[in-house]
Amino acid sequence: MLVFDVKITVIEALKPLSARSFTNSGLTIDISEADLIYTETLMQRGKEIYEGKEIVILGGGDGALLYELLKENPKFVWMLEIDELVMRACNKYLKSICGDLHSNYGCKGPGMIPSATENKIGIETAFLLSPRKIIVEDCMLTVNQFIKEGKKVDFIFGDLTDIPISDSACGELWEFMITILQSAFKILKPTGKFMTHGNGATCPESLELYEQELMKLKPPVHFTKTKAFVPSFLEDWIFYQITFKTTDNGDA
Ligand SMILES: C[S@@+](CC[C@H](N)C(=O)[O-])C[C@H]1O[C@@H](n2cnc3c(N)ncnc32)[C@H](O)[C@@H]1O
């Protein structure tokens, strides 16, 4: 069954290696739909107000986060995802979690035009008019462009790869993560928030290393953590909410 295989491939590409568990049963068909808790915990739904806010999603793969954020009437959302194949596949096979958002990716300029498919499935007008731009490339390119332009946003979501599991914060993956962190805070308003997922609660060493990196950031930041059980990960996952310690950072 081609569809089944593609879904598994897509989901496998999106979920952390440490927690994958697949069977040959139909379980995998619903696995991503069950993961709304991941998105809602990442975005702290009910605790944060996104209305009128400018938001950057680093990564975001399946589009679920973009889909849910757009329901909150933000001013603008940029989703910066490198993997075109994942987006195409999600757009085709996982519409229940990402709607038809990916069919318009690559659209340039503010105020995207809603697709005909969205109109057909009758998503409410406010949602259709929510402006967003999906840019398919390494997120650092747009982040660096924002830095160059002095552009700052209200929320940044780090929906990239998990915190690496290692003995020390060294190596390519850590370098990538630290670079992303340092750069992201340069495009965050002094009152803004960086929201990200970390790793499984069963990886305290890796979470501790990440927190040590957070404590090295300049200007200094403050963070809180939230834990949620993510069905397809089969474990409790840790999510971070990070802000500047003070809001008078000048040019952070
Ligand atoms: C663990 S997934 C999380 C995304 C989403 N929650 C999901 O389940 O699809 C990480 C995503 O980050 C994307 N990614 C990794 N490195 C990236 C980069 N440098 N720029 C943009 N996206 C990147 C991957 O393609 C992947 O879709």
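Strands β6 and β7 pair in the antiparallel sense over 10 bridges. Two strands count as paired if DSSP finds at least two bridges between them. Helices and strands here are DSSP runs, numbered from the N terminus: helices are H or I runs of at least four residues, and strands are E runs of at least two. Ala228 stands opposite Trp237 in β7. The two strands form a hairpin with four residues between them.

This is a predicted model: local features need pLDDT of at least 70, side-chain atom pairs count only at pLDDT 80 or more, and totals for chains, interfaces and linings use all residues. Residues are numbered from 1 along each chain as its sequence is written.

## The whole chain

The chain has 10 helices and seven strands. Of its 252 residues, 36% are buried. A residue is buried if 20 or more other C-beta atoms lie within 10 Å of its own, exposed if 12 or fewer, and partly exposed in between, with C-beta atoms placed from the backbone.

Two residues are in contact if their C-beta atoms, placed from the backbone, lie within 7 Å.

## The sheet

Seven strands form an open sheet with mixed pairing, in the order β3-β2-β1-β4-β5-β7-β6. The edge strands are β3 (132-136) and β6 (221-230), and each pairs on one side only. From one strand to the next, the twist averages 15°. Angles run from 0 to 180 degrees between N-to-C directions, and axes are lines fitted to C-alpha atoms, for helices over the stretch in contact.

Which way do β1 and β2 run relative to each other, parallel or antiparallel? They run parallel, joined by five bridges. Glu54 stands opposite Phe76 in β2. Strand β2 is mostly covered, with five of its six residues buried. Strand β4 (residues 153-159) and strand β5 (residues 188-200) also pair in the parallel sense, over five bridges. Here Val153 stands opposite Leu188 in β5. Helix α8 packs on the sheet and touches β1 (54-59), β2 (76-81) and β3. The direction of α8 makes about 135° with that of β2.

## Two packed helices

Two packed helices are described by the angle between their axes and the distance between the axes. Helix α8 (residues 139-149) and helix α9 (residues 172-186) pack at about 35°, with their axes 9 Å apart. The crossing of α8 past α9 is left-handed. That term applies if the near helix is turned anticlockwise from the far one by less than a right angle; clockwise gives right-handed.

On the α8 side, Met140, Val143, Asn144 and Ile147 take part. They meet Ser183, Ala184 and Lys186 in α9. The residues of this contact divide into four nonpolar, two polar and one charged. Nonpolar covers Ala, Val, Leu, Ile, Met, Phe, Trp, Tyr, Cys and Pro; charged covers Asp, Glu, Lys and Arg; the others, Gly among them, are polar.

## Around the ligand

Which residues come nearest to the ligand? Of the 15 around it, they are Gly59, Gly61, Asp62, Asp83 and Cys139. A residue is near a molecule or strand if its C-beta atom, placed from the backbone, lies within 6 Å of it. The shell divides into six nonpolar, four polar and five charged residues.

Ile82 sits in the loop between β2 and α4 (84-93). It counts as partly exposed because it has 17 C-beta neighbours inside 10 Å. Leaving out residues up to four places away in sequence, Ile82 touches Val136, Glu137, Asp138 and Cys139. The C-alpha atoms of Ile82 and Met140 are separated by 10.0 Å, although the two residues are 58 apart along the chain.

Most residues other than glycine have a negative phi, and most peptide bonds are trans. Asn73 is not a glycine, yet its phi is positive, about 60°. Asn73 lies in the loop between α3 (64-70) and β2. With 15 C-beta neighbours inside 10 Å, Asn73 counts as partly exposed.

Leu234 has a positive phi near 60° too. Leu234 is found in the loop between β6 and β7 (235-244). Leu234 counts as partly exposed because it has 13 C-beta neighbours inside 10 Å. The peptide bond from Lys218 to Pro219 is cis, with omega near -5°. Pro219 lies in the loop between α10 (204-216) and β6.
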